[in-house]
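Here's a quick briefing for anyone meeting this structure for the first time. Have a look at the model, then read on.

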Amino acid sequence: MIQDIEPKRLCNQYQLPKQNRNDYIAVFSGNQILIKETNGRLELPKRADMEAAGCALHADTYLFCIDDDRYFLCSEDAEEWKTGNKVDISNDRAAAADFRRISMRQFREEADHELCFAVYTAYHLYQWYKNNRFCGCCGSRTVPDKKERMLFCAKCGNQIYPSIAPAVIAAVTNGDSILLTKYANREYKRYALIAGFTEIGETAEDTVRREVMEETGIRVKNIRYYKSQPWGIDGNLLLGYFAELDGSDRISIDENELSCAEWVRRDQLKDMDDSFSLTREMMRVFYEKYDSV
Ligand SMILES: [Zn+2]
């Protein structure tokens with residue numbers, strides 16, 4: 001899955017390290033990321049690359065490290081940051097340095113696994129910093145705390161910590177079949193499992209029962225936790241569950257959410273080549289008749 005980068009390790013303990021020429025800089029602009037291409041391989045630019053290209057760079061928001069590689073955050077929109085984090089890549093030397101912006105979707109298709117995880121995680125933090133520039137209580141500007149990852153409102157004392165939205169992925173099985181779906185009105189056309197956000201007041205198991213019922217009209221029992229997955233591009237923590245059909249197998253789909261939902265036999269499963277997502281792993285686990293299913 002996206003977070004499986006062993007033997008490397010993400011360390012997200014908050015600190016204020018000294019800036020270094022080898023720091024990687026994650027520069028976002030809307031849903032685009034600034035990349036540098038070296039021999040056909042996508043990389044994030046380092047502080048040294050940007051200085052060499054004559055970019056005016058100010059990036060002092062530390063994100064995390066992966067082993068010894070440290071990542072900092074930056075934006076091309078000066079208005080986004082109280083701290084003034086920003087970079088200007090509009091000069092000719094910057095263009096000649098092979099910097100370019102690509103969409104996060106294209107990035108996922110072209111970047112290697114570890115870099116994808118780093119950038120998705122950076123994007124989650126980027127969204128959090130950007131969306132909490134102003135205090136939700138009094139509307140004043142917030143400032144980053146120096147001791148922990150927290151934004152502080154000096155006017156009313158409000159403290160804002162990073163937010164993560166829990167969501168479930170449900171693999172519903174019926175003997176040798178699994179309930180697969182396709183989303184309506186989305187670019188993603190492959191089979192998926194049922195998924196949805198946990199509502200306030202629910203347990204994750206409640207979410208599994210509710211989402212499966214809402215989207216397919218199916219009742220489930222024997223709900224078992226499988227694994228979780230951080231999914232930074234949407235700010236989620238995905239919680240994967242297997243569950244069994246309880247009662248009728250007749251499907252009634254929610255056409256606002258899905259274009260189809262059907263029982264697919266184990267030997268008909270395909271499209272499991274993507275090692276990136278919890279959904280694919282759960283489908284593969286079912287296909288391989290893993291003991292816990
Ligand atoms: Zn406030």
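How many bridges join β10 to strand β11? Two, and these strands run antiparallel. This is a predicted model, so keep in mind that local features need pLDDT of at least 70 and side-chain atom pairs count only at pLDDT 80 or more, while totals for chains, interfaces and linings use all residues. Residues are numbered from 1 along each chain as its sequence is written, and side-chain values use heavy atoms, with hydrogens and water left out.

**A three-stranded sheet**

- Helices (H or I, at least four residues) and strands (E, at least two) are DSSP runs, numbered from the N terminus, and two strands pair if DSSP finds at least two bridges between them.
- The order β10-β11-β12 describes an open sheet of three strands with antiparallel pairing.
- β10 (143–144) and β12 (159–160) sit at the edges with a single partner strand each, so one side of each has no neighbour in the sheet.
- Zooming in on β11 (residues 151–152), you'll find F152 as the bridge partner of V143.

**Strands around β3**

- β3 (residues 32–38) pairs with β2 (residues 24–29) over two bridges, in the antiparallel sense.
- In that pairing, F28 has I33 of β3 as its bridge partner.
- β2 and β3 make a hairpin with two residues between them, and G30 in the turn has a positive phi of about 60°.
- β3 also runs antiparallel to β9 (residues 99–103), joined by five bridges; here I33 has I102 as its bridge partner.
- Three bridges link β3 to β4 (residues 41–43), again antiparallel, and K36 is partnered with E43 of β4.
- The β3 and β4 hairpin has two residues between its strands, and N39 takes a positive phi near 50°.

**The zinc ion**

- Four cysteines supply the protein donors, C135 (SG), C138 (SG), C153 (SG) and C156 (SG), at 2.3 to 2.4 Å from the zinc ion.
- Donors here are N, O and S atoms within 2.8 Å of the metal (3.2 Å for Na, K and Ca); water is not among the atoms, so sites may look incomplete.
- Along the sequence, the donor residues follow the spacing C-x2-C-x14-C-x2-C.
- The angles between the four donor atoms run from 98 to 119°, which makes the arrangement tetrahedral (four donors with all angles between 85 and 135 degrees).
- C153 is buried at 0% relative accessible area, whereas C156 is partly exposed at 38%.
- Buried means under 20% relative accessible area, exposed over 50%, and partly exposed in between (1.4 Å probe, protein chains only).

**Disulfides**

- The count of disulfides (pairs of cysteine sulfur atoms within 2.5 Å) comes to zero.
- Take C74: the closest cysteine sulfur is in C55, 9.6 Å away, which is too far for a bond.
- C74 is buried, at 0% relative accessibility.

- Just past α6, K289 has a positive phi of about 55°.

Conventions: Four donors count as tetrahedral if all angles lie between 85 and 135 degrees; four count as square planar and six as octahedral if opposite donors are over 155 degrees apart and all others between 65 and 115; anything else is irregular.
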